[in-house]
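Open the structure in your viewer and keep the selection tool at hand. The stops below say what to select next and what is there.

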Amino acid sequence: MKIIKTILFVLLAVSGFSQTNVIDSLEQLIPTLKEDTNKVKALNGLAAAYYNVNAVKTLDYATRAMLLADQFNYQKGVMESFKMLGVGYWIKGEIQEALMNYEKSLEIATLLDSKRDIASLNNNMAVVHTDQGEYYVALQLFFNGLKAVEEGGYDDLFIIFNQNIGDTYKNLNDVDNAIKYTQIALNSAKEADNKRSVAVCNNNMGEIFMLDGNEKLALERFLEARGLFQDLGNKRGVSITTSNIGDVYFLLKRFSEAQSELLIALELFKELGNQDGEANTLIQLGRLYLEQKKYDQAPNYLNNALLIAEDAGLLEVKKNALKALSNYYRNTGQFKIALEYLERHEIIKDSLFNLYKNRQVVELQTLYESEKKERENILLREDQLRKDEQLNKQSSQQRMLLAFLIVTTLFVIVLIYSIIQSYKANKKLKTLNNVVLERNEEIQAQSEELNEAYEEIKTINSNLEKTVLSRTEKLNRSNAELSEFLYRASHDLKGPIMTLQGLAYLGSRDGERNYKDIIDRVSKTADEMNSTLNNLLHVNVVRKSDLANQEIDFNRIINKVVNPKERLISEKGIKVIINVSIDGTYVSDPDLLGIIFENLISNGIQYSDPNKIDKKVEITINSVASFVQVHISDNGVGIEEDQLEKIFEMFYRGNIHSHGNGLGLYITKVAVESLNGKIEINSEVGVGTDVKMVFPIGKE
């Protein structure tokens, strides 16, 4: 049983006071402060105080601190605000948002060369990945943080990081490295006379020895750890080490001592309200009585453990309780009941196995994307610089044109004014004769024409200014969209780089390691990398300004999408129905139409409903008047109603378990609009999804 979870670093520097007092004091103080850096610190402090009480409050105060810090260009405050936003989103379970804010904070910490903040942010990101079971990513981040700790000379953090690294290696069943880093933490804790850390390290070392099958050494470490926790008055530490001691006695067949220790641990867990520890101890007591054939006592403990596990949602504990109860009923000859409990155990076991595999896939994807981003980041920045230079050049040309028009307009106005003044002077010098009258009439007529010309020039100038403003707004929107695309694309591609870094680092630390598992992991994610690159290429294709105009064979385009997927379609039992009825010819861009059908048909296949017998994807194309109508429908799992309005956004994914990278429907919509078409999606969960598109016949 773990003595301590990896530690999450937060901003709060007043932990010596109760959390309620800190919150009350800061909420009273903040309204009295001026809008300056001190108020930023107070807002971030209040966000930290709320992090274990109310995640929504943490996000609210961190956001306020961010806006104020940004107003004063207070980079330290901006960094702390991003960190607290990451903490808030992590508590809420919004993993991607948490990691994104941590990364932004880490970028600023790196620019400020704040080693302690770099260390704490790497630790916080590692904690998030550890909670997701992504231990290789967590290890890489822990080592990054440890490097900053060593460079900054932070002895207090050195113990924690080595302890966390050892614990992560233990989770990976890497006994040698787990012992190595836990021993480093233990030696440092002893040098610093940090009794609590010494106790924690001894308990963790005992768990590692149990994992390695050395019960004798494990017992020595557990007894030493319990003695230290008793001296410190730490009941939680005493309860866990006592339970571990009971487990060792059980393995050594010293049943009387095991029973005594486990009963003591059970009472401590009840007193502390630790349901996980209580349920595990009840199961161990039930197993102890089964081992001694005391069948009258075992079921009470095992049934109580099952009730607690179901109440608290502890799947692993519930699985173990069901297995122990199945053994009890089998040993007492009640085979039918034993089979029922065994079947329930297998269901939960399969569920936990699938959850573990899903986490492995997410971890590999994260590592793969990280590695990819590191390789491509420099090229993306250079491309951005070239584009910025081009935009600046265009902007400069527009400013020069505007200046030329203004100067020309002023010149015309001055010229008109000079002509009018000249006519007035001539009028005074001429005598009142018929010739003069005729001349004056001509001047008057010309003056009116010039006035009309002047008004026309003013109108042209006004329209030109509006045109310039409109194009400037479009340029700004394109810049914003480009910035968002580059940031999110670089974020999505960062995982692969971190994968190879982490795996390469592990390989370099052990020259005798079997690399087959590492190679298999890298190979498994290659197809996902190819899919990501294809989507990025599709973004470039749909953004091109010159469209091809070719006669379209819809059957050929659809078959080009469906044929490579025949094996997957067959395995899923999906019926693909194609109905094409076009009068005459339809001319368009086949590449863009191919991208549209690829994304929509793939979605229909990928999100088919496994619970339905007659699965289908139906494509209907016909021409009506001056339009081509395309209708793609399926009876798959459907889309939640609250997600429909966001599905066309760039990189939008419903949750962290969604497949893909969030570009498919965004690319589809851009491609449809590039062909002057319209797209509409209707969906209902459990019923299916309808996609309707309309394209004009003829080039607009």
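This is a predicted model: local features need pLDDT of at least 70, side-chain atom pairs count only at pLDDT 80 or more; totals for chains, interfaces and linings use all residues.

**Aromatic pairs**

The count of aromatic pairs comes to 11, where rings of Phe, Tyr and Trp (its six-membered ring) pair if their centres lie within 6.5 Å, and planes under 30 degrees apart count as stacked, over 60 as edge-to-face and the rest as tilted. Select Y50 and Y61: this aromatic pair is stacked, with 5.9 Å centre to centre and 5° between the planes. Y50 lies in helix α2 (residues 37–50) and Y61 in helix α3 (residues 55–71), so the pair ties together parts that are 11 residues apart in sequence. Helices here are DSSP runs (H or I, at least four residues), numbered from the N terminus. Y50 and Y61 are each buried; buried means under 20% relative accessible area, exposed means over 50%, and partly exposed is in between (1.4 Å probe, protein chains only).

Select Y329 and Y341 next. Their ring centres are 5.4 Å apart and their planes are at 15°, so this pair is stacked. Y329 belongs to helix α16 (residues 315–331) and Y341 to helix α17 (residues 335–429), so the pair ties together parts that are 12 residues apart in sequence. Y329 and Y341 are both buried.

Residues are numbered from 1 along each chain as its sequence is written, and side-chain values use heavy atoms, with hydrogens and water left out.

**A charge over a ring**

Select R116 and Y154. The charged end of R116 sits over the ring of Y154, 5.1 Å from the ring centre. The rule asks for NZ of Lys or CZ of Arg within 6 Å of the ring centre and within 35 degrees of the ring normal.

Select residues 155–171, which make up helix α8. This helix has 17 residues and reaches 25 Å from its first C-alpha to its last, close to the 24 Å expected at 1.5 Å a residue; the expected span is 1.5 Å times one less than the number of residues. Of the 17 residues of α8, 13 are buried, so the helix is largely enclosed by the rest of the structure.

Most residues other than glycine have a negative phi. What is the phi of N173? N173 has a positive phi of about 60°, although it is not a glycine. N173 is in the loop between α8 and α9 (175–191), and at 54% relative accessibility it counts as exposed.

Move on to D193, in the loop between α9 and α10 (195–211). D193 is another residue other than glycine with a positive phi, near 55°. D193 is exposed, with a relative accessible area of 58%.

**Salt bridges**

Side chains of opposite charge can pair when their charged atoms come close. The count of salt bridges comes to 21, each being a side-chain nitrogen of Lys or Arg within 4 Å of a carboxyl oxygen of Asp or Glu.

Select E35 and K39, which form a salt bridge whose closest N and O atoms are 2.7 Å apart. Is each of the two buried or partly exposed? E35 is partly exposed, with a relative accessible area of 45%, whereas K39 is buried, at 9%.

Select E261 and R226 next. Their salt bridge has its closest N and O atoms 2.6 Å apart. E261 lies in helix α13 (residues 255–272) and R226 in helix α11 (residues 215–232), so the pair ties together parts that are 35 residues apart in sequence. E261 counts as buried at 12% relative accessibility, and R226 counts as buried at 15%.

Now select K76, E80, K83 and D117: salt bridges that share partners join these residues into one network. Within this group, the side chains of K83 and E80 meet in a salt bridge (3.5 Å, N to O). K83 and E80 are 3 residues apart in helix α4 (residues 75–92), separated by about one helical turn. Both K83 and E80 are buried.

Methods. Helices (H or I, at least four residues) and strands (E, at least two) are DSSP runs, numbered from the N terminus.
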